[in-house]
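Subject: The model to look at, with notes

Hello,

Here is the structure I promised to pass on. Could you open it beside this email and read the notes with it on screen?

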Amino acid sequence: MNALRDILSQGAQMLLVLGLAPLLTGFVRKVKARLLRRRGPPLLQPYRDLVRLMRKDVVLADNASWLFRVIPYLMFAGTWVAASLVPTFGNGLLFSWTADLIAIIALLGSARFFQALAGMDVGTAFGGIGSSREVMIASLAEPAMLITVFSVAMIAGSTQLAYVAEFMGSDAVGLRVSLGMAFVALTIVALAENARIPVDNPATHLELTMVHEAMVLEYSGRHLALIDLSSQLKLLLYVSLIACVFLPWGMAPADASVGRFLFGALLYLGKLTALGLLLALFETAIAKMRVFRIPEFLGAALMLALLATLLRFVSGSL
């Protein structure tokens with residue numbers, strides 16, 4: 001009976017992140033439109049776009065290799081697995097032992113590598129520009145992410161998200177300067193990794209400014225639907241990661257009842273709503289920066305993460 005409950009709870013989390021990813025994207029778009037005094041698209045528009053793309057035929061370039069056809073499935077699988085490993089409504093689920101921060105970074109890095117490879121596969125100018133910019137951003141975002149993970153792991157004593165969430169929700173944490181620096185660094189990395197303002201504008205199609213859209217211009221049909229769903233899952237992953245590490249309250253333990261899991265799910269929805277509101281407000285209040293300013297922006301995250309690690313190493317109480 002316990003094994004069946006563990007399987008059902010883990011499957012519910014996988015389906016939950018898959019179902020909520022388009023809703024989070026639609027919610028952020030709707031809030032941004034309301035802040036700009038526009039009606040905006042419907043809240044469920046991302047679901048309709050995915051269904052519409054799934055119904056369309058795939059158009060492939062003549063020189064597209066087999067990798068170009070396989071990469072959307074690899075990106076979706078890697079991102080979905082990474083998003084499912086982050087604890088959402090419950091802690092200590094069936095596959096929680098695999099929810100390691102290093103493993104999640106590796107899965108996201110693999111998906112990014114395949115996406116950059118797909119942008120260069122057809123040989124178009126826009127695809128090459130987008131891939132080169134994506135690799136440039138990743139070369140600064142990944143070290144900042146890793147050092148942030150190290151600073152959090154030094155405080156919690158583990159890189160397992162189950163232990164990190166349990167420790168962060170206890171009274172032993174308190175107020176720490178290193179945690180504040182790690183939070184700001186992780187937020188900057190999340191904005192860069194998800195191609196959000198000020199690093200990139202997910203709604204733009206200007207050739208000189210776009211990064212993510214330039215790599216997927218040659219995709220269509222179900223391939224483009226899988227790539228869009230992967231991007232939505234990635235946004236949900238980072239929002240869930242911030243909520244898990246810095247807002248871990250309310251998650252149900254492994255031996256909790258069904259009602260406790262439902263309460264954790266409702267609280268998780270509240271966290272997504274609050275963080276989605278903050279994201280929309282931030283993107284509305286700030287403008288997109290130039291491409292050559294992105295290294296300075298990510299360099300600030302790298303320095304904050306490094307200072308958080310050094311502060312924790314020098315003074316264990318901060």
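This is a predicted model: local features need pLDDT of at least 70, side-chain atom pairs count only at pLDDT 80 or more; totals for chains, interfaces and linings use all residues.

Residues are numbered from 1 along each chain as its sequence is written, and side-chain values use heavy atoms, with hydrogens and water left out.

The whole chain

The chain has 11 helices and 0 strands; helices (H or I, at least four residues) and strands (E, at least two) are DSSP runs, numbered from the N terminus. Its radius of gyration is 20 Å, close to the 20 Å that the globule rule gives for 318 residues, so the chain is as compact as a globular protein of that length. That radius is taken over C-alpha atoms, and the rule is 2.2 Å times the number of residues to the power 0.38. Along the principal axes, the C-alpha atoms fill a box of roughly 60 × 50 × 45 Å.

Of the 318 residues, 48% are buried. Here buried means under 20% relative accessible area, exposed over 50%, and partly exposed in between (1.4 Å probe, protein chains only). The chain exposes about 15000 Å², and carbon and sulfur atoms supply 70% of that area; accessible areas come from the Shrake-Rupley method with a 1.4 Å probe, and for residues only the protein chains shown count as cover. Among contacts (heavy atoms within 4.5 Å) with a separation of 6 or more, 80% are between residues 24 or more positions apart.

The pockets

Rolling a probe the size of a water molecule over the atoms shows where empty space is left. A pocket is found on a 1 Å grid over the protein atoms alone, as an open set of points where a 1.4 Å probe fits, with protein on both sides within 12 Å along at least five of seven lines; lining residues have an atom within 4 Å of a point. Grid points are joined across faces, edges and corners, and a volume is the space filled by probe spheres set on the points.

The largest pocket has a volume of about 990 Å³. It is lined by 42 residues, and Thr25, Arg29, Pro202, Ala203 and Glu213 are the closest to its centre. Elements that give two or more residues to this lining include helix 1 (2-35), helix 5 (125-156) and helix 9 (221-246). Helix 9 gives the most, with 7 residues. By class, the lining has 19 nonpolar, 10 polar and 13 charged residues. In this count Ala, Val, Leu, Ile, Met, Phe, Trp, Tyr, Cys and Pro are nonpolar, Asp, Glu, Lys and Arg are charged, and the others, Gly among them, are polar.

The second largest pocket has a volume of about 310 Å³. Its lining holds 14 residues, with Thr187, Leu191, Ile242, Leu275 and Leu279 nearest the centre. The classes here are 11 nonpolar, 2 polar and 1 charged.

Backbone points to check

Most residues other than glycine have a negative phi, and most peptide bonds are trans.

- The peptide bond from Ile197 to Pro198 is cis, with omega near 15 degrees, and Pro198 sits in the loop between helix 7 and helix 8.
- Ala195 is in the loop between helix 7 and helix 8; its phi is positive, near 55 degrees, and Ala195 is buried at 13% relative accessibility.
- Arg37 is in the loop between helix 1 and helix 2; its phi is positive, near 60 degrees, and Arg37 is exposed at 83% relative accessibility.

Ala83 lies in helix 3 and is buried, with a relative accessible area of 3%. Its C-alpha atom is 8.8 Å from that of Leu241, 158 residues apart along the chain.

Leu24, in helix 1, is buried at 6% relative accessibility. Beyond four places in sequence, Leu24 touches Leu235, Leu236, Val239, Leu272 and Gly276.

Best wishes
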